[in-house]
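Subject: Structure for you to look at

Hello,

Here is the structure I said I would pass on.

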Amino acid sequence: GKRKLRCRVWNFPKSTELTLFFFKNMETPDQSKAYLGLDTPNVRMRKALRASFTNADIIKSHKQTSMQTVFNIWNTMSGSSMVSLPWAIQQAGLAMGVFLIAFCGTLCFYTCSIIVSLSKNDIDFSMTIYRYLGKPGQYVALTASVSVLIGAAAVYFNIMNCCLFGLLGAITEWGWNHELDFSSNSFTGFTTSHSAVILGGAMLLMSMIRNPAVFMKINSFGAIFAAGTVTFLTVFGIYNMTKYQDRFTFSDPVGDQRQIKMIDAGWSDLCGILALGFMIHNVVLPIMKNNRHQDKNVRDLGLGYFMVAFCYTCSAVFAYLGWVGAFGIIQQNCLNNLEFTSVVA
């Protein structure tokens, strides 16, 4: 009832999504205020609720266009996993890699579109699961979501640690002419073990920030770095591919040439990376609910997935061909094939 909903709002006083949900289901702002308890005689509660929720006009002004929605989907999915895609293509083979990117992208889009279509007025994925499967299904969904989040956090932490070590290695060589040992994982000298401690400490401090606006501002810079990563892998891959085109072949290799395989046995590695790379199911509802054109949600979601799959394909294929020609064996983080002092890296 109304009392129960007020208690729920009171527990989450700064949820813009809840505000949007309540205002959307009321005919007028006055009815919304009455429903939320903004007309309550309790002065303390009324002041708190007024400070927590905005009026309907402000909420409508925060609606995003379809282009902004598509861009947010792309920004949310695109990330540091792209530096591992060339290695994954090497494991799966060129033709199998392109097929898996298209197949996994289509499969994830289909399942994600089901969530968007069935969510109705739900503002969170767990609420949709609760409506259809009850408490047991909700607990299973939350457990699966947390498990995926833990796995993704471990993978991304390793990638960020490698990138941080490379950056510190470049600074050390430029400033003090001292070369770091990348192959060692011990604490003798300065290695990736030390950079992991530094990165872990920085993330611990960031986790103490209670203002979500800080993370929203940081996330806005993610689009710049994601676009920079796609551009670097594609352009630098094409450059190396044209420069060292005599070092690889699609047929039987001659001399020191490297053969480009179309299908290989390590395709499961690429599937694991793509499962995380196309994973947006847990956070898609807040993005789509903020779309100005709700009837175009599935279309905008499909365009977002297409942009991500296109960026993954370009960066993975061109970087794979370029790295094979220039370096031969591609490391799991393709940036590790480059010298620390490589400015472009």
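Which residue takes a positive phi just after α15? The residue is Gly328, and its phi is about 85 degrees. Please keep in mind that this is a predicted model.

Overall picture

The protein chain has 345 residues, and 40% of them count as buried. Its secondary structure consists of 15 helices and two strands. The accessible surface is about 19,600 Å², with 65% of that belonging to carbon and sulfur atoms. If you take the contacts between residues at least 6 apart in sequence, 75% of them join residues at least 24 apart.

Helix α15

Helix α15 covers residues 297-327, which is 31 residues. At 1.5 Å a residue, the helix should span 45 Å. The C-alpha atoms at its ends are 43 Å apart, which agrees with that expectation.

In soluble globular proteins, nonpolar side chains tend to be buried together. Here the largest nonpolar core has 57 residues, and the members that touch the most others are Leu274, Phe278, Val284 and Trp323. Elements giving two or more residues to this core include α6 (66-77), α8, α9, α12 and α14 (284-289). Which element gives the most to this core? That is α15, with 13 residues. As for Val284, its contacts beyond four places in sequence are Cys112, Ile115, Val116 and Leu301.

Aromatic pairs

A pair of aromatic rings is described by the distance of the centres and the angle of the planes. The structure holds twelve such pairs. In one of them, the ring centres of Phe99 and Phe103 are 5.9 Å apart and the planes are at 15 degrees, so this pair is stacked. An angle under 30 degrees is what counts as stacked. Phe99 and Phe103 are four residues apart in helix α8 (residues 94-119), so about one helical turn separates them. Both are partly exposed: the relative accessible area is 48% for Phe99 and 45% for Phe103.

Phe236 and Trp323 form an edge-to-face pair, with 5.5 Å from centre to centre and 70 degrees between the planes. Phe236 lies in helix α12 (residues 222-243) and Trp323 in helix α15, so the pair ties together parts that are 87 residues apart in sequence. Phe236 and Trp323 are both buried. They also belong to one aromatic cluster, together with Phe232, Tyr239 and Phe327.

Ser66 lies in helix α6. Is Ser66 buried or exposed? Its relative accessible area is 13%, so Ser66 is buried, since the cut-off for buried is under 20%. The side chains of Ser66 and Asp300 are joined by a polar contact of 3.1 Å. Leaving aside neighbours within four places in sequence, Ser66 is in contact with Asn291, His293, Arg299 and Asp300. The C-alpha atoms of Ser66 and Arg292 are separated by 7.1 Å, although these residues are 226 apart along the chain.

Ser126 is found in helix α9 (residues 125-176). Its relative accessible area is 11%, so Ser126 is buried as well. Its side chain makes a polar contact of 2.3 Å with the side chain of Asp124. Not counting residues up to four places away in sequence, Ser126 touches Gln138 and Leu142.

Regards

Notes
Residues numbered from 1 in each chain as written. Predicted model: local features only at pLDDT ≥ 70, side-chain atom pairs only at ≥ 80, totals over all residues. Heavy atoms only, no water. Buried < 20%, exposed > 50% of the residue type's maximum accessible area, 1.4 Å probe, protein only. Contact = heavy atoms within 4.5 Å. Areas by Shrake-Rupley, 256 points an atom, 1.4 Å probe, with all protein chains shown as cover. Expected span 1.5 Å × (residues − 1). Polar contact = N/O pair within 3.5 Å; in protein donor to acceptor, adjacent residues only side chain to side chain. Phe/Tyr/Trp six-rings, centres within 6.5 Å; stacked < 30°, edge-to-face > 60°. Core = buried A, V, L, I, M, F, W, Y, C linked by side-chain atoms within 4.5 Å.
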